[in-house]
Amino acid sequence: MSTVVTRFAPSPTGYLHVGGARTALFNWLLARHCGGRFLLRIEDTDLARSTDESVRRILEDLAWLGLNWDNERLVFQSRRLDVYNAIIDRLIAEGRAYKAWETPEELDQQRRIAERAKRAYIYRRPSLSDQQVRAFEAEGRPHVVRFAMPVRECRFQDVVLGKDVAVAASQVQDFVIRKADGMPTYHFAVVVDDAEMGVTHVLRGQEHLLNTINHIGLQEALGYPRPVYGHLPIIMNLDGSKMGKRDRDKKVRHHAHLWLKNAKADAAALATQAGLDATRLAEWLSDDSRQLGGDEQAAVMRVVGLRESDLPEIMVHDFRVNGYLPEVLLNFLALLGWSPGGDLERMSVGKMIELFSIEGIGKANARFSREKLLAFSTEAFAAAPPERTLAAMKDWLSVNPDSPLAGATDEQLARVLKMNAGFHILREVDDKSRFLFVESARIEYDPAAVEKVLLKSERQGLEALRAIRPVLESLEVWDAAALERAVKAFCEARALGLGKVAQPLRVAVCGGTVSPPIFESLEFLGRRQTLERIDRCLSQAGS
């Protein structure tokens, strides 16, 4: 039996999309299950959108997920132009490809004619005289190169869909294999590269299903073997919409409208505060089909009070920045379209490799449930050994260097993680614990928390805070147990519930009503900082 060779071939236009990660995972699992090879190729023929920074991001995302590739040298399509051009020249010489001279306007006109005639637009080689071709060449008219697709029915077996996919002879058409800028198209380069890399199995998204017909036409013309093809189900949101970048834009737009309503402002005011063009912003607000660029989106978010972590995760980097374990994300992604059999869901990477099969991939579109992913994450962190959780926290800080926890020692991080037991993702640990690592003078008090906890009911909370301060100051031992005993004794002597004192203490030391267990937090802060913060709170809230 020949060695199974799979590949993942992303286009470097940004971070790795979670759908692309699922495609990479399935190809990786198949190769590892079969003892084969998993190859990585960079499809960077779109010069306008491909960047070196995006290549770095994709490689980093794959490395974080643990999807290691087996080719020592990455294949970059932009560096293989001589290879592609030699093959294209051969196809032209054999009459299997030709130069096409239509302008974009002429092609649009042809499409409109077909639309008015209520027929599908099918491109076939036009009849041009030698004189016309020489005239086009003399005027320097740009041209593309098209493959002359044989006019016959074409079909292939899709191993995921479990059926033959066919296109009738009347529907096949000639397609571009080299663009006007001299770069090969995806459809051409992918066929050449798969053959030269020895790829035996291609698992990819269903959006490529009909492209496969074109690829098979080229394979037959070039004498290449046909890989096994399987097209994966699409990843959808729970509401049935396709999961994509628009989900993030949609949330930013929703909060922008809320801001306009609450601020009693118009689009021009928001544009001024965000430093954006007022007309463009107004069009975006009124038209759901429009999207803001990344920098524009960030500018609006700053004004309306949205954080990056408030947006739905779409890219692998989003999940890393929010604090998921890579092995949890892999486990969850594996179940988006694949079933190991029975009711098994929680699996190690090793178990997924053992059980993976193409036969287990379903035909129906997968639904992405963030609630289920959070449940996976919570269970995984609860079960993880301390050293794994600490390593994950340190990795999280490497992509969130502005966190106050970035300066913490390993011992401090381990304590904070233990104090936050039961957390869903690492960002929650940061959100609840960052007050432990900032200077007392930088603590900001939440006005709603101050009103509810300290000032309500004739300032009972503030008075309780004032009364407990000397009790804490006089303690001989400053640890969680001693602090808890002292506060409980204080509450019993005054017939107060524990919360009537614990919550004012929490507001005083962290600025809000959410923190790790209060007595462990006070121990971590130490006597000096705790008393400093109580004094500062009494001064500010009592004035």
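How far apart do the C-alpha centres of domain 1 and domain 3 lie? They lie 71 Å apart. The chain is divided into domain 1 (78–232), domain 2 (245–310) and domain 3 (440–542), with bounds that come from an automatic or database domain assignment. This is a predicted model, in which local features need pLDDT of at least 70 and side-chain atom pairs count only at pLDDT 80 or more, while totals for chains, interfaces and linings use all residues. Residues are numbered from 1 along each chain as its sequence is written, and side-chain values use heavy atoms, with hydrogens and water left out.

Helix H19 spans residues 447–473; helices (H or I, at least four residues) and strands (E, at least two) are DSSP runs numbered from the N terminus. Although H19 has 27 residues, its end C-alpha atoms are only 27 Å apart, short of the 39 Å that a straight helix would reach at 1.5 Å a residue; the expected span is 1.5 Å times one less than the number of residues. H19 bends by about 130° at Glu458, where the bend is the angle between axes fitted to the seven residues ending there and the seven starting there. The buried residues of H19 include Val450, Leu454, Leu462 and Arg469; buried means under 20% relative accessible area, exposed over 50% and partly exposed in between, with a 1.4 Å probe and protein chains only. These buried residues pack against helix H20 (480–494), helix H21 (499–510) and helix H23 (527–542), contact meaning heavy atoms within 4.5 Å.

The structure also holds twelve aromatic pairs. Rings of Phe, Tyr and Trp (its six-membered ring) pair if their centres lie within 6.5 Å, and planes under 30 degrees apart count as stacked, over 60 as edge-to-face and the rest as tilted. The ring centres of Tyr84 and Phe188 are 6.2 Å apart and their planes stand at 80°, so this pair is edge-to-face. Because Tyr84 lies in helix H3 (residues 81–93) and Phe188 in helix H6 (residues 186–196), the pair ties together parts that are 104 residues apart in sequence. Tyr84 is buried, with a relative accessible area of 0%, and Phe188 is buried with a relative accessible area of 0%. The rings of Phe332 and Phe368 have centres 4.9 Å apart and planes at 75°, so they too form an edge-to-face pair. Ring pairs link Phe319, Tyr324, Phe332, Phe368 and Phe376 into a cluster.
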